[in-house]
Amino acid sequence: MKEFDRPTPLKGGPDGLRNWACQFFREDLNNLHEEQRIQIFKEMEDSLKDELWDGSQWVADYRRIRVTAAR
């Protein structure tokens, strides 16, 4: 098994991380008040900015796993 870094730019520039979160957590986020969603996004962006913001876009730090089967 091999693992590879797979940095993936998130569409939307400054809103890319929010867009990504909305895509995967839409139902959960819709259960919150707007003020709560804004606070969650702010805290998420603040905590990840040093690692995932490249100055113009958010870049997700996905990992790809390659497995080879042998008989």
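**Legends to the close-up views**

**Figure 1. Burial across the predicted chain.** In this predicted model, 21% of the 71 residues of the chain count as buried. The accessible surface of the chain comes to about 6000 Å², and carbon and sulfur atoms account for 49% of that surface.

**Figure 2. Order of the elements and overall dimensions.** Two helices and two strands make up the secondary structure elements of the chain. Read from the N terminus, their order is β-α-α-β. The radius of gyration of the chain is 16 Å, whereas a compact globule of 71 residues would have one near 11 Å. Along the principal axes, the C-alpha atoms fill a box of roughly 55 × 30 × 20 Å. Among contacts between residues at least 6 apart in sequence, 69% join residues that are at least 24 apart.

**Figure 3. Charged side chains.** The chain carries 14 negative side chains and 12 positive ones. The centres of the two sets are separated by 12 Å.

Figure 4. E45 has its place in helix α2. E45 counts as buried because its relative accessibility is 13%, and the cut-off for buried is under 20%. The side chain of E45 makes a polar contact, at 2.8 Å, with the side chain of R18. With neighbours within four places in sequence left aside, the residues in contact with E45 are P14, L17, R18 and W58.

**Figure 5. S47 in helix α2.** S47 is found in helix α2, which spans residues 34–52. S47 counts as exposed because its relative accessibility is 52%, and the cut-off for exposed is over 50%. The side chain of S47 reaches the backbone oxygen of M44 at 3.1 Å. S47 and F4 lie 43 residues apart in sequence, and their C-alpha atoms are 24 Å apart in space.

**Figure 6. E45 and S47 shown together.** Helix α2 holds E45 and also S47. E45 is buried at 13% relative accessibility, whereas S47 is exposed at 52%.

Conventions:
Residues numbered from 1 in each chain as written. Predicted model: local features only at pLDDT ≥ 70, side-chain atom pairs only at ≥ 80, totals over all residues. Heavy atoms only, no water. Helix = DSSP H or I, 4+ residues; strand = E, 2+ residues; numbered from the N terminus. Rg over C-alpha atoms; globule rule 2.2 N^0.38 Å. Buried < 20%, exposed > 50% of the residue type's maximum accessible area, 1.4 Å probe, protein only. Contact = heavy atoms within 4.5 Å. Areas by Shrake-Rupley, 256 points an atom, 1.4 Å probe, with all protein chains shown as cover. Lys, Arg positive; Asp, Glu negative; His and termini not counted. Charge placed at Lys NZ, Arg CZ, Asp CG, Glu CD. Polar contact = N/O pair within 3.5 Å; in protein donor to acceptor, adjacent residues only side chain to side chain.
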